[in-house]
Amino acid sequence: MNRYILGSFLAALAFFIWGFLYWAANPATKTIIHTSPDDAAAGVMLKQMFPKDGMYTVPGMALDQETMTKRHEEGPIATVHIQHAGEPTMGPQFFVVAIAQCWVATLLLMFLLVRASPAVLASYGRRVWFVTLVGVVITVVGDFAFPIYWEQPWPVYLFNAGYIISSMV
């Protein structure tokens with residue numbers, strides 16, 4: 001049991017470090033996540049237009065069907081996630097929660113590997129294929145829902161799909 005806990009924790013650290021390299025040290029990130037020309041003005045406007053913390057859609061979902069259809073066809077279409085209060089950029093709490101998330105993911109993968117058929121996992125290559133396939137399923141079911149249902153930009157989610165699937169390897 002101890003080897004599973006230690007192994008999954010070491011895998012979680014590798015997962016976390018890979019996430020940093022993929023998202024923070026990768027110059028491709030700047031090509032898919034854009035920056036406003038004036039963050040201060042955008043912040044003021046966001047606080048005025050979206051008064052409570054949470055998720056908003058433009059056009060709003062509370063509109064009548066005819067108005068929503070018209071505005072949806074004319075654009076713009078947006079999903080805004082807003083948190084009014086600031087917080088430290090990657091403070092200690094961020095790292096604790098992020099590593100905990102990675103650890104839960106690696107514990108779940110370990111559980112799947114332990115429970116899977118020995119024939120399926122007879123070799124290292126088959127185990128890599130198995131967890132990579134888990135990453136593909138997570139991506140298709142989870143990430144691809146955002147551009148399909150919420151009109152989120154495909155490049156962001158395709159880039160994240162690369163991260164999820166490569167993390168499994």
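Q: In which helix is the place of Asn160?
A: Keep in mind that this is a predicted model. Leaving aside neighbours within four places in sequence, Asn160 is in contact with Trp23 and Asp143. As for the place of Asn160 itself, that is helix α8.

Q: Is Asn160 buried or exposed?
A: Buried means under 20% relative accessible area. Asn160 has a relative accessible area of 16%, so Asn160 is buried.

Q: How are α6 and α8 oriented to each other, roughly parallel or roughly antiparallel?
A: Helix α6 covers residues 124-143 and helix α8 covers residues 154-168, and their axes come within 7 Å and cross at roughly 155°. Angles over 145 degrees count as roughly antiparallel. The two helices α6 and α8 are therefore roughly antiparallel.

Q: How many charged residues does the contact of α6 with α8 have?
A: On the α6 side the residues include Val131, Gly135, Ile138 and Asp143, and on the α8 side they include Tyr157, Asn160, Ile164 and Met168. By class, this contact of α6 with α8 has 8 nonpolar and 4 polar residues, and the number of charged ones is 1.

Q: Is the crossing of α1 and α8 left-handed or right-handed?
A: The helices α1 and α8 pack with their axes 10 Å apart, at an angle of about 150°. That makes α1 roughly antiparallel to α8, because angles over 145 degrees count that way. The crossing of α1 and α8 is right-handed.

Q: How many polar residues are in the contact of α1 with α8?
A: Phe15, Trp18, Gly19, Tyr22 and Trp23 are the α1 residues here, and they meet α8 residues including Phe159, Asn160, Tyr163 and Met168. Sorted by class, the contact of α1 with α8 has 8 nonpolar residues and no charged ones, while the polar count is 5.

Q: Which residues does Tyr163 touch, not counting residues up to four places away in sequence?
A: Tyr163 is among the α8 residues that meet α1. Once residues up to four places away in sequence are not counted, Tyr163 touches Phe15, Trp18, Gly19, Tyr22 and Trp23.

Q: How far apart are the C-alpha atoms of Leu21 and Tyr163?
A: Leu21 lies in helix α1, and at 41% relative accessibility it counts as partly exposed. Along the chain, Leu21 and Tyr163 are 142 residues apart, yet their C-alpha atoms are separated by 9.9 Å.

Q: Is α1 oblique or roughly perpendicular to α5?
A: The axes of α1 and α5 come within 8 Å, and they cross at roughly 125°. Roughly perpendicular would need 65 to 115 degrees, and roughly antiparallel over 145. That makes α1 oblique to α5.

Q: How many nonpolar residues does the contact of α1 with α5 have?
A: Among the α1 residues here are Tyr4, Phe9, Leu13 and Phe16, which meet α5 residues including Phe95, Ile99, Trp103 and Met110. The contact of α1 with α5 has 2 polar residues and no charged ones, and the nonpolar count is 17.

Q: Which residue does a cis peptide bond join to Val58?
A: Most peptide bonds are trans. The model also has a cis bond from Gly75 to Pro76, with omega near 0°. Val58's cis bond has omega of about 0°, and the residue it joins to Val58 is Pro59.

Q: What is the phi of Met90?
A: Most residues other than glycine have a negative phi. Met90 is found in the loop between β2 and α5, and at 49% relative accessibility it counts as partly exposed. Although Met90 is not a glycine, its phi is positive, at about 50°.

Q: How far apart in space are Thr35 and Arg3, C-alpha to C-alpha?
A: The place of Thr35 is the loop between α2 and α3, and with a relative accessible area of 66% Thr35 is exposed. In sequence, Thr35 and Arg3 are 32 residues apart, while in space they are 44 Å apart.

Terms used
Residues numbered from 1 in each chain as written. Predicted model: local features only at pLDDT ≥ 70, side-chain atom pairs only at ≥ 80, totals over all residues. Heavy atoms only, no water. Helix = DSSP H or I, 4+ residues; strand = E, 2+ residues; numbered from the N terminus. Buried < 20%, exposed > 50% of the residue type's maximum accessible area, 1.4 Å probe, protein only. Axes fitted to C-alpha atoms, helices over the stretch in contact; angles between N-to-C directions. Parallel < 35°, antiparallel > 145°, perpendicular 65-115°, else oblique. Contact = heavy atoms within 4.5 Å. Nonpolar A, V, L, I, M, F, W, Y, C, P; charged D, E, K, R; others polar. Left-handed = near helix turned anticlockwise from the far one by under 90°.
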